[in-house]
Amino acid sequence: MDAVRRDFPVLDQTVGGKPLIYLDNAASSQKPRQVVEAISGYYYRDHANVHRGVHELARRATEAYEGARERVARWLNAAADEVVWTRGTSEALNLVAFSLGRARVGAGDEIVVSEMEHHSNLVPWQLLAARSGATLRHVGLSADGRLELDQLADLLGARTKVVALSHVSNALGTINPVREIGRLVRERSEAAFVLDGAQGAPHLPLDVQALGCDAYAFSGHKMCGPTGIGGLWARRELLDEMPPYQGGGEMIERVHRDRSTWAEPPHKFEAGTPNIAGAVGMAAAVEYLEGVGLDAVHAHEAALAAEAVSGLSEVEGMRILGPARIDERAGVVPFVIDGTSAQDVATILDTEGIAVRAGHHCAQLVVDRYGLTATVRASFYLYNTIEEVARLVAGVRRARNLLLG
Ligand code: 7TS
């Protein structure tokens, strides 16, 4: 992994006189040269609008955009017409909640979520419940941040229309046993199983067929790609069943005065001029990560997380959230120190050049569950090093001593 670091020029800088240690990867990752160059190359050579022109640049832009879709589909092990481009995970989840909700969810139905969801996989379902008269049911969490699968099994039934869960939690680091959950969902209900893959896609080898879900949402910017692009994979039958999300150019087949017919998926869900350069960057990011190997990425992050958990555990008053078993945890380590505020710890770490996030991480139900208001979160990616973890642990110890004397 030492070689990959050279691909990320942004990491090679000092902040406030200290070498930058970027441990806020769950919020957004940095970008390798290969991705930046793919985007600038597209703009320097190939840009025009897609699907509309007969001229050379329109052809190239369309090929770049649809070629990127095919590249992403190959990474997911899916068909290209099952991949809808969106602005990211939030838009993908809003799309499926709106559109699948319209098709399938009514008064008296149930939508199952969990207490570990990011607000992007909670609020769209709350909006759907309010609109449709359906009820939200929440799977609870164990003391060490795992989904209570017995509770999930009890919640599932004939009324369950959607089960929407995260693949990996951004606030706990838990890797959920999604294959097992998929089996449970299929055994006990006819619900659509929707996965929030914002923290899974960047860090784990992915095969949506093997996961056993019906839809999977992801963001480019958390996986070495640009901001403003991501996608929704969903089974073709589901996309056929779902009505359009937004109206406009590109998503129609034929427009009449008072009504229209729709283009086939995925274009049915892509109104307007899309983020073409974003798609190009996203495909370059997938190419980059697959070049390194997602097995290797995951193994590297697991080693960093194990080192962080063991080092931080030595700090007095330390409480680390999430699974005790390291093989159930991704490279996300959230913690609090008795008697200190998470914000203060993060601010002191910033003076040492260490970038972490403090807060509820858009997962308010998680901090509520553990009687907290905020945690400090260190989150790793392929370019982080064991030395950086050691600097984090030393920084946290210093922060504690400064704050508590
Ligand atoms: N779901 C999960 C599990 C996430 O971690 C995030 C972003 C989202 C959905 C939303 O993704 P977006 O790309 O649409 O914004 N998580 C975080 C985070 O943990 N800190 O900042 C953003």
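## Basis of the model

This is a predicted model, in which local features need pLDDT of at least 70 and side-chain atom pairs count only at pLDDT 80 or more, while totals for chains, interfaces and linings use all residues. Residues are numbered from 1 along each chain as its sequence is written, and side-chain values use heavy atoms, with hydrogens and water left out.

## Salt bridges

A search of the whole structure gives 23 salt bridges, each defined as a side-chain nitrogen of Lys or Arg within 4 Å of a carboxyl oxygen of Asp or Glu. In the pair named above, Arg87 is exposed at 59% relative accessible area, whereas Glu91 is buried at 16% (buried means under 20%, exposed over 50% and partly exposed in between, with a 1.4 Å probe and protein chains only).

Glu56 and Arg60 also form a salt bridge, with their closest N and O atoms 2.9 Å apart; Glu56 is partly exposed at 40%, and Arg60 is partly exposed at 31%. Because these residues lie four apart in helix α3 (residues 56-76), about one helical turn separates Glu56 from Arg60. Such helices are DSSP runs of H or I with at least four residues, numbered from the N terminus.

Between Asp327 and Arg325 the closest N and O atoms of a salt bridge are 2.6 Å apart, and a network of salt bridges links Asp144, Arg146, Arg325, Asp327 and Glu328.

Technical notes:
Helix = DSSP H or I, 4+ residues; strand = E, 2+ residues; numbered from the N terminus.
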